[in-house]
Amino acid sequence: MKGLLGKKVGMTQIFDETGAVVPITLIEAGPCYVTQIRKTETDGYAAVQLGFEEIKPRRLTGGQLGHLKRFDLPPLRYLREFQTETLDEVSEGDRLTVELFVVGDHVDIIGTTKGKGFAGGVKRHGFRGGPKTHGQSDRLRAPGSHGSTTTPGRVLKGSRGPGHMGFARVTSQNLVVALIDAERNLLGIRGSVPGPRGGLVMVKEARKQ
Amino acid sequence: MSDHIKAIEVPVNPQIPELHPGDTVSVHVRIKEGDRERVQEFRGTIIRMRKGGNNANFTVRRIASHGIGVERTFLLRSPRVEKVVVQRGAHVRRAQLYFLRDRTGRRARLKEKRRS
């Protein structure tokens with residue numbers, strides 16, 4: 001299991017060995033602790049639970065502290081589970097750092113996107129809107145027709161339309177690790193990563209490699 | 001800017017002196033042609049400097065043959081910029097010398113300023 005929890009720091013760029021510019025997103029990842037291992041026999045599924053970001057003990061409830069105390073771990077803000085089949089590589093109480101990955105690795109990154117509020121069809125689904133000219137008024141960003149007439153006489157379920165956009169869990173697949181700074185616990189990922197700066201992200205080994 | 005982003009900034013090449021708008025410079029750039037690498041020189045006037053960590057850059061304007069203006073932007077921290085030589089400083093009163101684009105010949109000259 002290769003996985004880490006981290007916080008998005010922001011985007012910048014670095015130079016590769018040929019001098020070309022590589023746009024990267026910095027993630028402050030780890031150190032993470034293995035707080036629990038869920039096995040198929042006892043829990044019905046196989047997963048590794050990781051904890052990230054040390055905080056003051058009084059920020060957690062007694063139950064949360066007790067959960068971490070079993071392996072003498074510090075109080076941690078975030079706990080997340082990574083479903084995996086390979087449980088042998090880690091054991092409870094382990095400390096994981098960015099050294100888990102090497103430059104060139106492919107990873108999947110899961111984050112919560114920035115909330116956009118109630119958005120129209122043009123922004124949310126890329127609808128084209130209406131024409132600007134030829135006698136039109138108030139049609140520029142209109143979604144157009146939702147469906148047909150008396151048959152079926154209703155809007156089909158699942159039709160795209162305006163609504164709440166963003167603040168959703170999104171996975172960006174097959175991103176490349178471009179930089180690792182073990183001293184500062186930094187991962188540099190080529191390209192963009194879902195979520196705002198300071199948002200929690202899960203970094204996983206790429207599933208489709 | 002976050003400390004972490006600052007931390008991975010590449011240091012500026014020591015072969016690049018402090019640059020100012022109006023300076024006449026010659027920029028030595030490494031260029032790859034097939035499997036051969038050579039250094040190309042680009043000589044002109046700096047018309048703007050932009051900050052921004054690893055993205056810090058400056059634009060050099062020169063007049064090529066037939067009076068055609070050529071502008072090229074270089075990344076200050078790029079390893080492809082081998083060195084920069086300042087040949088002449090100039091007294092300028094603004095940070096962006098875009099007015100030079102509308103001028104040609106003698107009117108495009110800048111008054112020299114010598115820096116210690």
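**View 1. Arg61(B) and Glu71(B) form a salt bridge in this predicted model.** Arg61(B) is buried, at 13% relative accessible area. Glu71(B) is partly exposed, at 30%.

**View 2. Lys7(A), Glu53(A) and Arg77(A) belong to one network of salt bridges that share partners.** Within it, the side chains of Glu53(A) and Arg77(A) meet at 3.2 Å, N to O. Glu53(A) lies in strand β4 (residues 47-54) of chain A, and Arg77(A) in strand β5 (residues 76-83) of chain A. This pair, 24 residues apart, also links distant parts of the chain. Arg77(A) is partly exposed, with 42% relative accessibility.

**View 3. Arg38(A) pairs with Asp43(A) in a salt bridge.** Their closest N and O atoms are 3.2 Å apart. Arg38(A) counts as buried because its relative accessible area, 18%, falls under the 20% cut-off. Asp43(A) is partly exposed, at 30%. Over all chains, the structure holds 10 salt bridges.

**View 4. A patch of positive charge gathers on the surface of chain A.** Its members are Lys114(A), Lys116(A), Lys123(A), Arg141(A) and Arg197(A). Lys114(A) is found in the loop between β7 (106-112) and β8 (117-119) of chain A. This lysine, Lys114(A), is partly exposed, with a relative accessible area of 47%.

Terms used
Residues numbered from 1 in each chain as written. Chains lettered and ligands numbered in written order. Predicted model: local features only at pLDDT ≥ 70, side-chain atom pairs only at ≥ 80, totals over all residues. Heavy atoms only, no water. Patch = residues over 30% accessible without salt bridge, like charges linked within 9 Å, V, L, I, M, F, W, Y side chains within 5 Å. Areas by Shrake-Rupley, 256 points an atom, 1.4 Å probe, with all protein chains shown as cover. Salt bridge = Lys/Arg side-chain N within 4 Å of Asp/Glu carboxyl O. Lys, Arg positive; Asp, Glu negative; His and termini not counted. Charge placed at Lys NZ, Arg CZ, Asp CG, Glu CD. Helix = DSSP H or I, 4+ residues; strand = E, 2+ residues; numbered from the N terminus. Buried < 20%, exposed > 50% of the residue type's maximum accessible area, 1.4 Å probe, protein only.
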